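Student: Could you show me how to read a protein structure, feature by feature?
Tutor: Gladly; let us look together.

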Amino acid sequence: MGRLSGAAAIAGIGATEFSKNSGRSELRLAAEAVQSALADAGLTASDVDGLVSFTMDTNAEIAVARAVGIPELTYFSRIHYGGGAACSTVQQAAMAVATGVADVVVAYRAFNERSGLRFGQVNSAVANQENSSGTDNAFSYPHGLSTPAAFVAMVAQRYLHEYGATSEDFGRIAVVDRKHAATNPAAFFHGKPITLADHQQSRYIAEPLHLLDCCQESDGGVAIVVVSAERARDLRQRPAVISAAASGSGVDQFIMTSYYRDELAALPEMGVVGRQLWEQSGLAPGDMDAAILYDHFTPYTLLQLEELGFCGRGEAKDFVREPGALEVGGRLPLNTHGGQLGEAYIHGMNGIAEAVRQLRGTSVNQVPGAQRVVVTAGTGVPTSGLVLTAA
């Protein structure tokens, strides 16, 4: 076990409402989420001395500090690679707390990703960046691979060919996410479950991906308060102990276009993360009471089940076909908040918050006696993950 394991805990979670048009600035969303998380933990802005976010967040740490009333910062950090940063922000916060660099670190992510800049649309600017990422993208954008759905479709098509999975197997992820979202009042798709037939009849976005294989575009913000495990015991909420926190990049890694590897239908970056999670925590896939797997596109959820060791290569189709396997009471309850397909797409941060609720016993789709939950961040890019356990 690494020294990081068990040294820090999540003591507070907070969020704005999730919508398609927030009607307010991204800075205000960030400030509201941070204030909500601090109130949840029973802390105030003056207690905070660290802030962590994504490089893609438009809200500078100092701007959030001013907006919330945080007086001084001894630590601030940003993580690259879009949704892959989600669990890394908590890892950074945990490392800062564990080493004494800061006492109370808040990780945040806020955006108007539906009413403002939409990640799912073609954005030629990413291929025109004057950096190495722009050079990488210049190999794919001119050929029509210019949206995340198109990037993923290449891998998904190969996965279907390689392992005999079907579009319906992808659809089973969407159906279970929407089932969980339907009973979650905070979810955008509250009260709106879907059937496998609905999934199959939804229009293609980039074959083999249907519309219902693709996550939402959302407005909103989420924040997470990290303190030492010792301090967390004295705060308002039952702590979610960070038993493992890992980041990882695979061989020949690109941003959602890692097409030059020997095996196209895989996500080795998640394998890198998974090996660290199990080693740090001393736990195994079979010990998990629930899984919050990043579901920007349904095929990558199946691949994550394999990379994390819940089943063998090519066996996720059999895993998800088992009746009720991914529901509460099943083999591995999945995305009990509804995931990014059903609740909201807040770059994976809302999934971390759901894992905390499961360990507190306050989820709207509560897994009885949940003690251990694995959480992952965006895949197809350098990624990250957590194992959270009940105190």
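Student: What does the accessible surface of the protein come to, and what percentage of it belongs to carbon and sulfur atoms?
Tutor: Accessible areas come from the Shrake-Rupley method with a 1.4 Å probe, and for residues only the protein chains shown count as cover. Here the accessible surface comes to about 14600 Å², and carbon and sulfur atoms hold 50% of it. Before we go on, this is a predicted model: local features need pLDDT of at least 70, side-chain atom pairs count only at pLDDT 80 or more, and totals for chains, interfaces and linings use all residues. Residues are numbered from 1 along each chain as its sequence is written, and side-chain values use heavy atoms, leaving out hydrogens and water.

Student: How many helices and strands does the protein have?
Tutor: Helices (H or I, at least four residues) and strands (E, at least two) are DSSP runs, numbered from the N terminus. In this protein there are 13 helices and eleven strands. The radius of gyration, taken over C-alpha atoms, is compared with a globule rule of 2.2 Å times the number of residues to the power 0.38. The protein has a radius of gyration of 19 Å, close to the 21 Å that the rule gives for 391 residues, so it is as compact as a globular protein of that length. Its C-alpha trace spans about 55 × 50 × 40 Å along the principal axes.

Student: What percentage of the residues in the protein is buried?
Tutor: Buried means under 20% relative accessible area, exposed over 50%, and partly exposed in between (1.4 Å probe, protein chains only). Of the 391 residues in the protein, 62% are buried.

Student: And what percentage of contacts joins residues at least 24 apart?
Tutor: A contact means heavy atoms within 4.5 Å. Among contacts between residues at least 6 apart in sequence, 75% join residues at least 24 apart.

Student: How far does helix 6 reach from its first C-alpha to its last?
Tutor: The expected span of a helix is 1.5 Å times one less than its number of residues. Helix 6 (residues 167–182) has 16 residues and reaches 22 Å, close to the 22 Å expected. Helix 5 also has 16 residues, and reaches 23 Å, close to the expected 22 Å.

Student: Is helix 6 largely enclosed or largely open?
Tutor: Twelve of its 16 residues are buried, so helix 6 is largely enclosed by the rest of the structure. Among those buried are Phe170, Ile173 and Val176. An α-helix has 3.6 residues a turn, so residues three or four places apart point the same way. The cover over the buried residues of helix 6 includes helix 5 (148–163) and helix 10 (298–307). In helix 5, the buried residues include Phe151, Val155 and Tyr159, and their cover includes helix 6, strand 5 and helix 11.

Student: How many residues of helix 10 are buried?
Tutor: Ten of the ten are buried, so helix 10 is largely enclosed by the rest of the structure. They include Tyr300, Gln304 and Glu307.

Student: Which residues have a positive phi?
Tutor: Most residues other than glycine have a negative phi, and most peptide bonds are trans. Asn335 is not a glycine, yet its phi is positive, near 45°. Asn335 lies in the loop between helix 11 and helix 12 and is buried, with a relative accessible area of 0%. His347, also not a glycine, has a positive phi of about 55°. His347 sits in the loop between helix 12 and helix 13 (349–360) and is buried at 2% relative accessible area.

Student: Which residues does a cis peptide bond join?
Tutor: Glu207 and Pro208, with omega about 15°. Pro208 is in the loop between strand 5 (204–206) and strand 6.

Student: Which residues does Phe111 touch?
Tutor: Leaving aside residues up to four places away in sequence, the residues touched by Phe111 include Glu26, Phe119, Tyr345 and His347. Phe111 is in strand 4 (residues 105–112) and counts as buried, at 3% relative accessibility.
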